[in-house]
Amino acid sequence: MSELGCPILHLDMDAFYAAVEQRDNPALRGQPVIVGAPPNQRGVVCTASYEARRFGVHSAMPSRTAYKKCPHGIFLPVRMDRYQEVSDQIMAILHEFTPIVEPVSVDEAFLDVRGVLHAWDGDAVNLARALRQRIRGRLDLTASVGVAPNKFLAKLASDLEKPDGLTVIPSDAAAIVAFLEPLPVRKIWGVGEVTAERLAGVGIRTIGQIQRQRLPELTKLLGEAFARHIWELAHGRDDRTVIADPVPEKSISNEETFIEDCADLRVVRQTLVELTENVGRRLRNVGRRARTAQIKVRFGDFKTITRQQSFAGAVSSDRDLLAAALGLLDHERISRPVRLIGFGVSSLVDEEGGGEAGGQLLLFPDEPSVVQQRDAALDSAVDRLRHKYGPDILKRGDWRR
Ligand code: TTP
Ligand code: MG
């Protein structure tokens, strides 16, 4: 482990949605900003600025409770498009440092920096400092970063000195074990409430107590695979690799499901305009142009069509994109209620360049059940799960409860 140094970084933005709101509206700076459901309605807080957290407000708390704790809080609705746009900018900055970037959620990513350390005197901490500075300088937002020999420790580290923290975990195995020893078991990535309770049932509350457990004892309690997994993590061992987004920015798309199927074509058109403008912003945001545009229409009976158009040259202006989007829509002469409308661009090239960005791609990967229900509630639930249990929770369920 030690000969590898600290090649993994984990970055997590501070109070992300709230920070974006404060950045976009300076009057909100220093104020207790609460992003999520309104205080007088059902629904929860997505996040709160650190000023609001002082009053005990936190993510996933019912907004009504948040209001009781912080009546002078400024409640704002979720502007997911905006956060996604800023997220794209953050990920683009991360790619300036290393090609191996694994986004975990909208405000979080792992970076494998092993291959690029020569540019930073061989020291990942130099790179981490520069990274934080660049995000602050360009975006006026703060990020917390953990630097460590592996993913688990990097994620743990980024959380330790929030907000605006930089935490470095030593790469020496004995120091790591000592560092983990006093921490509560919940700090282990993948240990949720149920597991923590089960462990507490036999008196295990700290990571140190897991370190000292014999693996067979732990297996009896948690099953073989899970027991081994957390036992390894408790010793600071984690061999999961950072998996770079395989096709970063090969396509950008956006779609919307109507609450009720929409029979008014003007509303469908207007929605398509907004979606297209959003994609256009994100495209320019990452300094790229597109050779292909595509619309997707799903009808009330779930029949779905996609229609595509290629441009003579690569484009990035709203005018070109809107002409394509609306042209494709009008060509369909739609006369049935629409359930979902989407727009996307693909075959992206660098703004100044113009070279091919690569081969064929799927603009709208076929995940109907997820895509159809893409509403605020699901977004926030997914974010919450990923945040709590790590990025794999929604893919693999074998050893999780
Ligand atoms: P987090 O990184 O967990 O939280 P945060 O960035 O607001 O605060 P910090 O990292 O400084 O502790 O989540 C990122 C965003 O995801 C958050 O700004 C809002 C959203 N989110 C939800 O919508 N619901 C949730 O339950 C959580 C935890 C996050
Ligand atoms: Mg965050």
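In the predicted model, D318 and R284 form a salt bridge, with an N to O distance of 3.0 Å between their side chains; a salt bridge is defined here as a side-chain nitrogen of Lys or Arg within 4 Å of a carboxyl oxygen of Asp or Glu. This pair links distant parts of the chain, since D318 belongs to helix α13 (residues 318-331) and R284 to helix α12, 34 residues apart. Helices (H or I, at least four residues) and strands (E, at least two) are DSSP runs, numbered from the N terminus. Both partners lie at intermediate accessibility: D318 is partly exposed at a relative accessible area of 23%, and R284 is partly exposed at 31%. Buried denotes under 20% relative accessible area, exposed over 50%, and partly exposed the range in between (1.4 Å probe, protein chains only).

Residues are numbered from 1 along each chain as its sequence is written, and chains are lettered from A and ligands numbered from 1 in the order in which they are written.

Side chains of opposite charge can pair when their charged atoms come close. The count of salt bridges in the model comes to 30. One of them joins R281 to E85, whose closest N and O atoms are 2.6 Å apart. R281 lies in helix α12 (residues 265-285) and E85 in helix α4 (residues 80-97), so this pair ties together parts that are 196 residues apart in sequence. R281 is partly exposed, with a relative accessible area of 37%, whereas E85 is buried at 8%. R281 and E85 also belong to a network of salt bridges that includes E21, R23, D24, R79 and R82.

A further salt bridge is formed by the side chains of R237 and E232, at 2.7 Å from N to O. R237 is partly exposed, with a relative accessible area of 37%, and E232 is partly exposed at 22%.

The protein averages a pLDDT of 86, and 85% of the residues score at least 70. Over residues 353-380, pLDDT stays under 50, and the model has 49 contacts beyond four places in sequence for this segment, a contact being heavy atoms within 4.5 Å. Residues 390-401 likewise stay under 50 in pLDDT, with 20 contacts beyond four places in sequence.

How values were computed: Predicted model: local features only at pLDDT ≥ 70, side-chain atom pairs only at ≥ 80, totals over all residues. Heavy atoms only, no water. pLDDT = per-residue confidence, 0-100.
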